[in-house]
Amino acid sequence: MAEEFPKIYLYHRIVQAKLFIDNNFAGNINLDAIADEAFFSKFHFIRLFKMAYGKTPHQYLTALRIEKAKLLLQTNTSVTDTCFAVGFESLSSFAGLFKRTTGTTPSLYQQQQKERQHAISKNPLQFIPNCFAENNGWTENRNFKEVL
Amino acid sequence: MNHVSIFVLNQDSAYDFYVNKLGFKVHTDAAMGPGMRWLTVCPPEQPGLEISLMAIADGMMFNKESAQQMRELVAKGTFGFGVFECNDLLATYEELKAKGVEFTKAPKKEFYGFEALFKDDSGNWFSLGEKEQK
């Protein structure tokens, strides 16, 4: 491992930058400032980040915001509130990016998720392979609503 | 393969480990009756592979004695349930360590590849490799 120490030191700084993005995605993140904080030139930072995570910091931040938006939309948060809660400043850019990434609009995604959640709570056996259900004694006649 | 099970000691704690630490996505989380829950997660790049986080409970798949034995075996790290691959092992190792994941082996170049070993919150252990060694 001795030859890895300098490399691990670089990785430690890149990982800290990534965790900073993870914890502050909703704010106005300045990627230049993150590169400075990590003691990298912007170019070097982007290159190392992409090598580690397969995305540039900006691509990663955008993808993270969309993933967080999907989670919020599953909780009945409105599309507008979701947009601003995950750090987008424009509803149209959020909706456009969401559709390019997921193939559907935020409102349709929310509707689909709501219907799926309803189906799971109404008939969970639809979502469980039969062998697992039988082994656990979860039969068709069971009243799942008792814990809802 | 589209379903595989990992036996866990506590589903709430396993949810936190696999979702908040490993970054897996919840596929299905369904209440199945008092104290019972069907909880599956997917690695972020494998949405078709549902990993069922199965609670070890007596009365269903296990009788009371077997459940106790199973809990003890899992807790003492008997079972190695699989191999995960990541884009960059050193980066993932640093990140998971920062999130409190316990590694039993730091990244090491072996004759078969670059590998680390980690444990989940129950005691199940996994190999972590790199897709393409750099």
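Student: Which strands does helix α3 of chain B lie across?
Tutor: Helix α3 (residues 89–98) of chain B lies across β5, β6, β7 and β8 of chain B, at about 165 degrees to β6(B). Angles run from 0 to 180 degrees between N-to-C directions, with axes fitted to C-alpha atoms, for helices over the stretch in contact. Helices (H or I, at least four residues) and strands (E, at least two) are DSSP runs, numbered from the N terminus. By the way, this is a predicted model: local features need pLDDT of at least 70 and side-chain atom pairs pLDDT 80 or more, while totals for chains, interfaces and linings use all residues. Residues are numbered from 1 along each chain as its sequence is written, with chains lettered from A and ligands numbered from 1 in written order.
Student: OK, what order do the strands of the chain B sheet have?
Tutor: The order is β5-β8-β7-β6, an open sheet with mixed pairing; strands pair if DSSP finds at least two bridges between them. β5 and β6 of chain B have a single partner strand each, so one side of each lacks a neighbour in the sheet.
Student: How many bridges join β5(B) to β8?
Tutor: Six, and the two strands run parallel. Gly82(B), for one, has Phe126(B) as its bridge partner in β8(B).
Student: New topic: how many residues of chain A are in contact with chain B?
Tutor: 28 residues of chain A contact 19 of chain B, where contact puts C-beta atoms, placed from the backbone, within 7 Å. α1(A) gives the most to that side of chain A, with eight residues.

Conventions
Contact = placed C-beta atoms within 7 Å.
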